[in-house]
Amino acid sequence: MYDVAIIGAGAVGCAAAMELSKYELSVCVIEKNSDVCEGTTKANSAIAHAGFDAKPGTLKAKLNVRGSKLMGELAEKLDFAYKQNGAMVLCFDENDISGLEELKKRAELNGVQGVSIITGDKARELEPSLTDSVCAALLAETSAIICPFEMTLAFAENACENGVVFRLSSRVEGISKSDKGFVIKTSTGEVTASIVINAAGLYADEIHSMVSSTPLGITARRGEYLLMDKAAGGAVSRTIFQLPTKMGKGVLVTPTVHGNLLVGPTADNIEDKDDVSTTSKGLGDVKAKASLSVKNIPFGKVITSFSGNRAVGDTGDFIIQQSDVKGFIDAAGIESPGLTSAPAIGEYLCEIVSGITELKPKNNYKDTRKGIVHFNSLSYSERNELIKKNAAYGKIVCRCETVTEGEILDAINRPLGATTLDGVKRRTRAGMGRCQAGFCSPVTMKLLAEKLGIKVEQVRKNGVYDTDRGHCDE
Amino acid sequence: MNKYDLIVIGGGPAGMAAAIAAKKAGIDDLVILERDSVLGGILNQCIHNGFGLHTFKEELTGPEYAEKYADMVRQEGIPFELDTMVLSVEKIQDSELKAVTVISSKLGVATLTAKAVVLAMGCRERPRGALNIPGTRPQGVYTAGTAQKLVNLEGAHIGKEVVILGSGDIGLIMARRMTLEGAHVAAVAELMPYSSGLKRNIVQCLDDYDIPLLLSHTVVDIKGNEKLEGVYIAQVDDNRAPIESTKKYYPCDTLLLSCGLIPENELTGGAGISIDPRTNGALVNESLETDMPGVFSCGNVLHVHDLVDFVSEESARAGEAAAKYIRHGLGEGGKSIELKTGNGVRYTVPCRINTANAPDLTHIRFRVTDVYKNVSIIVKSGDTELIRKKSQILVPSEMVDVILKKDKLSSASDTIEVFIEEVAE
């Protein structure tokens, strides 16, 4: 019997787990995939938004601004990639400048610092590759780029270290409520808990309706993206948005925190929540729209395209509250700015839990976490030190991103370690470069096969192993 | 120990041939740096035969061909460092020396210096992402070479029902290989109206196994969320745009991509050496020297070859030129002739000839832009024809090699044009 069960190990579920692990509670995270960060969290714009976009007074506004403020310090403590690179919202028509002014007003009401409106010429001075059609821009200094994989893993590993149990490869099939609490039936057995947090992303509606009879609607909104080689990463230094107009929401052009260039997304509501395919039309639209903002984007340097589905709630705001069923808390409809808000959502969920049960802070809570070393970012003398200690750091497996065998072994062997190729990729960047795992995947597969005791050909790119009984990491 | 006359980067066929030639030309103080744990490069996974017909006058498998060169490396006493990855190549300021920074478990991060460097890093495959194929990103999509490594070196059974996109040689070879492994290869789709592989491979790897080659076809959609379930293939029009009405579904668990090779010139670019956008290899002169004096390039990192025999031959020339550079420098003061491409010629290697250094026979290698029948290859300077060579057929998949004699250079101006003359029938 757990005090709290969290359904879903995306950014929100893991942030909630981390927050709750600060208190004397037993907590279990249930995830249908074999890894954390497998849903909406893994495919998005990877931005820590400043908070000028959300409508003042909404939960989105409150939690975005709080999340944005927390992010830098968390990145430091929990060792994940974060860079405050600033953002611009571009306006292409003099008649639309009122739209920028509205955003600036929202920023003020939301309490976002460092927001100003600049001329097109000033914008081009700051970002020389912007097109000539930019007539004005909103400049937001506190906007940042992050690595969503690292962030979520950091939350999860920190939670794990502070006692949270992760039950992976376990799909929730039904929930019933008894006097004692909730009985959650999963594909790998039952979990009982006094309190349930529904952080099931795109499927939060299904989980909700297992318990509650009040309606909660989630629509999947697909966004397609193109990712370019690091050689293209310098096209812009800030995150470049477009002012939404009657012509549409526009796309962003941004460097990623690891130095690639990312453009997208599209926004199409789709029926099949699992459909993360890209389309030639979608990618074509992204290219056309991005080219309005930035000149000569080197689309010849695209190394991959992907799409992610955002969980859009039916209220226009995040739905984070105790439902009509006591002890069952929804954290649903977490669309943009959900990634930014995640740490603040974690805090907010903790507050809700504290209204149900008393929270006693742990004495031995550990608030730092050391991530996998990024060999490529170390100085030569640091690298030498590491190789002397462990020769596996002298063996480069991924040539494009200079990832060593030492890093891959760490990714596989640490608590909540990777069991799939994508899991290794998200943790180490092996396979994330320009050859897209052509050279490193046979080596990574071998290392995974050895650890898992299976044949090389049985190593999965993603998803759940057939034999997986749901492993628990404590 | 960190100072060398010559550092050869890459221990595949190109690097070994360059090192052996340099050693034979009197360079004793040299080393080969290889990132894999064995010499031989990509040949180790090419277990089919067809290698060595030019070099050894016999038909060898890839590992056999590699072993012959590795034996020569050992016989010549050429040192090599395995599991060693080069991180950067730089010219040392105010010096003719180059700094080569490497990493390995044995050496740690170390900076070696050399008078001359031969770049022989080979090439990589164009991945799915760069092809912009829409659809999902499931397990079961591999570049042909990655699949070849998994099947031939790891003994993995990667799939049962296979579709191959691209008719590059590795794709063709893998069509046969997967068939021999017990898989069914439904089709090889090729975007272009002609194959990018060698004729002999189409005959021996597709025709002999009744595997259809669908020219002017491409994969337009990939299905399956976690694991590949199938692909849609459609015919393309003259502008290579898919024709919707021709879309056909092929259920499969494996999609292999053989859609082009890209010379791996990240080190070269990082060193500030100029790259030819047509080959993605360095711009080189008659000595296969890049625009950084003393840095040479050869093999697939220079331009993608179709036969390893030509890699070995070319790389030996690079090794000899490097030896000459180390011993007494390359000659200066000759006339510099620029090679230009004309009708039907995509690029040339080299793209400059300095008459002071030109060997008796200068190889001019290039690829044509289309299929040509009954044409002449013309090498011309001003009004003077230096070479006229008839050819029954020229295809983009087969590299053309013409040889320019040194005495012809005296009648050349400062440019030479290479083009295909199409004769009206």
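Tutor: In chain A, three strands make up an open sheet in the order β3-β8-β4, with antiparallel pairing. At its edges stand β3 (47-48) and β4 (82-83) of chain A, each of which pairs on one side only. Helices (H or I, at least four residues) and strands (E, at least two) are DSSP runs, numbered from the N terminus, and two strands pair if DSSP finds at least two bridges between them. This is a predicted model, in which local features need pLDDT of at least 70 and side-chain atom pairs count only at pLDDT 80 or more, while totals for chains, interfaces and linings use all residues. Residues are numbered from 1 along each chain as its sequence is written, and chains are lettered from A and ligands numbered from 1 in the order in which they are written.

Strand β8 of chain A covers residues 144-146, and two bridges join it to β4(A), running antiparallel. Across this pairing, Lys83(A) stands opposite Ile145(A). Setting aside neighbours within four places in sequence, Ile146(A) is in contact (C-beta atoms, placed from the backbone, within 7 Å) with Ala46(A), Ala48(A), Met71(A), Ala75(A), Phe80(A), Ala81(A), Tyr82(A), Met151(A) and Val257(A).

Ile146(A) also belongs to the largest nonpolar core, which has 136 residues; Ala5(A), Ala17(A) and Ile146(A) touch the most other members. At least three residues of this core come from each of domain 1 (1-82 + 146-217 + 314-371) and domain 2 (83-145 + 223-306) of chain A. A second, separate core has 115 residues, among them Ala18(B), Tyr69(B), Ala323(B) and Leu339(B). A nonpolar core is a set of buried Ala, Val, Leu, Ile, Met, Phe, Trp, Tyr and Cys residues joined through C-beta atoms within 7 Å. A residue is buried if 20 or more other C-beta atoms lie within 10 Å of its own, exposed if 12 or fewer, and partly exposed in between.

Chain A has a further part, domain 3 (375-473); domain bounds come from an automatic or database domain assignment. Taken over C-alpha atoms, the centres of domain 2 and domain 3 of chain A are 32 Å apart. Within the span of domain 2, Ile297(A) sits in the loop between α7 (280-293) and β18 (302-313) of chain A. Ile297(A) is buried, with 21 other C-beta atoms within 10 Å. Not counting residues up to four places away in sequence, it touches Ala235(A), Val253(A), Val263(A), Ala290(A) and Ser291(A). The C-alpha atoms of Ile297(A) and Ser381(A), which are 84 residues apart along the chain, are separated by 37 Å.

Chain B can be compared with this. The two chains meet where 31 residues of chain B are in contact with 35 residues of chain A. On the chain B side, β7 (98-104), β8 (108-119), β9 (123-125), α3 (128-131) and α4 each supply at least two residues. Helix α4(B) gives the most, with four residues.

That helix, residues 144-152, also lies across β10 and β17 (254-257) of chain B, at about 95 degrees to β10(B). Angles here run from 0 to 180 degrees between N-to-C directions, with axes fitted to C-alpha atoms, for helices over the stretch in contact. Both strands belong to an open sheet of five in chain B, in the order β10-β17-β11-β12-β13, with parallel pairing. β10 (141-143) and β13 (213-215) of chain B each have a single partner strand, so one side of each is left without a neighbour in the sheet. From one strand to the next, the twist averages 20 degrees. Three bridges join β12 (184-190) to β13 in chain B, with Ala189(B) opposite Leu214(B).

Helix α5 (169-180) of chain B has nine of its 12 residues buried, so it is largely enclosed by the rest of the structure. The cover over its buried residues includes α4, β11 (161-165), β12, α6 (199-206) and β17 of chain B. After α5(B) comes Gly182(B), whose phi is positive, near 100 degrees.
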